[in-house]
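These are my notebook entries on one structure. I write down what I looked up, entry by entry.

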Amino acid sequence: MRQGHLTPGAKLPPRQQLADQYQAPVTVVDAALDRLIDGHWLRRDENSTDVYVQDADDPAMANRLAHAALSQKIDDGSLAEGTELTAEAATDLLDTDARTARQALNLLIMEHKATRVRRGAPSGDGGMRVEEVTVIGPGPAQETPGTLEAFTGPSPEEAQDHIRMDALADALEDAIGQIQELRERLDRLEGGHRQD
């Protein structure tokens, strides 16, 4: 299925034929089929004992096929180590929807075949824009178990904190300017009363 020999919706041979083909007892074939059904690779026909490859429009199957396609591209070298993929680029590469492409990239990260990197870059409006890419190959994030992201530049949270601090600093500067202006007015008013 991962290599495309069994396509979505294809009917599998009967259990006994699979047992003969793989020289395994029927109970082992049944256990393997059950495991693949539980993993959403296969589905049983509701009205018979026939087993089919899961349909491509099944979300779990779409995720697995997209992941398999990316893994194949890594294995055959068409996605070399260091290649950067955005979710949009993966969507185009896999000819799938954005959610499925993101899921496939996430699976690569969990398998330590890729690393997610976020980069902070100034935006035109004075704020911070965060660019997120998946880099093929293990990276710094893989050194710490459970870590999925390596940050180059500020994190989105840090970027938001900088924006808030800049806004607060601007407001404080305006307030100080207004206080200074009020003091000058007060001094002029008090100076005027003294002359009377």
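What covers the buried residues of α3? I found that the cover includes β2 (51-53), β3 (84-85), α4 (87-94) and α5 (98-110). Before going further I noted that this is a predicted model, in which local features need pLDDT of at least 70, side-chain atom pairs count only at pLDDT 80 or more, and totals for chains, interfaces and linings use all residues. Residues are numbered from 1 along each chain as its sequence is written, and side-chain values use heavy atoms, with hydrogens and water left out.

**Entry 1: the chain**

I looked up the elements and found 6 helices and 6 strands in the protein chain. Helices (H or I, at least four residues) and strands (E, at least two) are DSSP runs, numbered from the N terminus. Along the sequence I read the pattern α-α-β-β-α-β-α-α-β-β-β-α. Of the 196 residues, 27% count as buried. Buried means under 20% relative accessible area, exposed means over 50%, and partly exposed lies in between (1.4 Å probe, protein chains only). I also looked up contacts, meaning heavy atoms within 4.5 Å. Among contacts in the protein chain with a separation of 6 or more, 50% come from residues 24 or more positions apart.

**Entry 2: helix α3**

I went back to α3, which has 17 residues. From its first C-alpha to its last it reaches 24 Å, close to the 24 Å expected at 1.5 Å a residue. The expected span is 1.5 Å times one less than the number of residues. Its buried residues are Met 61, Ala 62, Asn 63, Ala 66, His 67, Ala 68, Leu 70 and Ser 71. I recalled that an α-helix has 3.6 residues a turn, so residues three or four places apart point the same way.

I picked Asn 63, found in α3 (residues 59-75). Asn 63 counts as buried because its relative accessibility is 13%. Which residues does Asn 63 touch, not counting those up to four places away in sequence? I listed Arg 99, Thr 100, Gln 103, Ala 104 and Leu 107. After α3 comes Gly 77, with a positive phi near 90°.

**Entry 3: α1 and α2**

Two packed helices are described by the angle between their axes and the distance between the axes. The axes are lines fitted to C-alpha atoms, for helices over the stretch in contact, and angles run from 0 to 180 degrees between N-to-C directions. For α1 (residues 15-22) and α2 (residues 26-38), I found axes that come within 9 Å and cross at roughly 110°. The two helices are therefore roughly perpendicular to each other. The cut-offs are under 35 degrees for roughly parallel, over 145 for roughly antiparallel, 65 to 115 for roughly perpendicular, and oblique for the rest. On the α1 side the contact is made by Arg 15, Gln 16, Leu 18 and Ala 19, and on the α2 side by Val 26, Val 29, Asp 30 and Leu 33.

I then looked at Val 26, which is in α2. Val 26 is partly exposed, because its relative accessible area is 21%. Leaving aside neighbours within four places in sequence, Val 26 is in contact with Arg 15, Gln 16 and Ala 19. Val 26 and Arg 15 are 11 residues apart in sequence and 6.5 Å apart in space, C-alpha to C-alpha.

**Entry 4: α4 and α5**

At what angle do α4 and α5 pack? I found about 105°, with the axes 8 Å apart. That makes α4 roughly perpendicular to α5. Ala 87, Ala 90, Thr 91 and Leu 94 of α4 make the contact with Ala 98, Ala 101, Arg 102, Ala 104 and Leu 105 of α5.

**Entry 5: two positive phi values**

Most residues other than glycine have a negative phi. I noted Asp 95, which is not a glycine but has a positive phi of about 55°. Asp 95 is in the loop between α4 and α5, and is exposed because its relative accessible area is 73%. His 112 is not a glycine either, and has a positive phi of about 65°. His 112 lies in the loop between α5 and β4. With a relative accessible area of 42%, His 112 is partly exposed.

**Entry 6: Pro 14**

Is Pro 14 buried or exposed? I found Pro 14 in the segment before α1, and it counts as exposed at 53% relative accessibility. Pro 14 and Val 51 are 37 residues apart in sequence and 8.1 Å apart in space, C-alpha to C-alpha.
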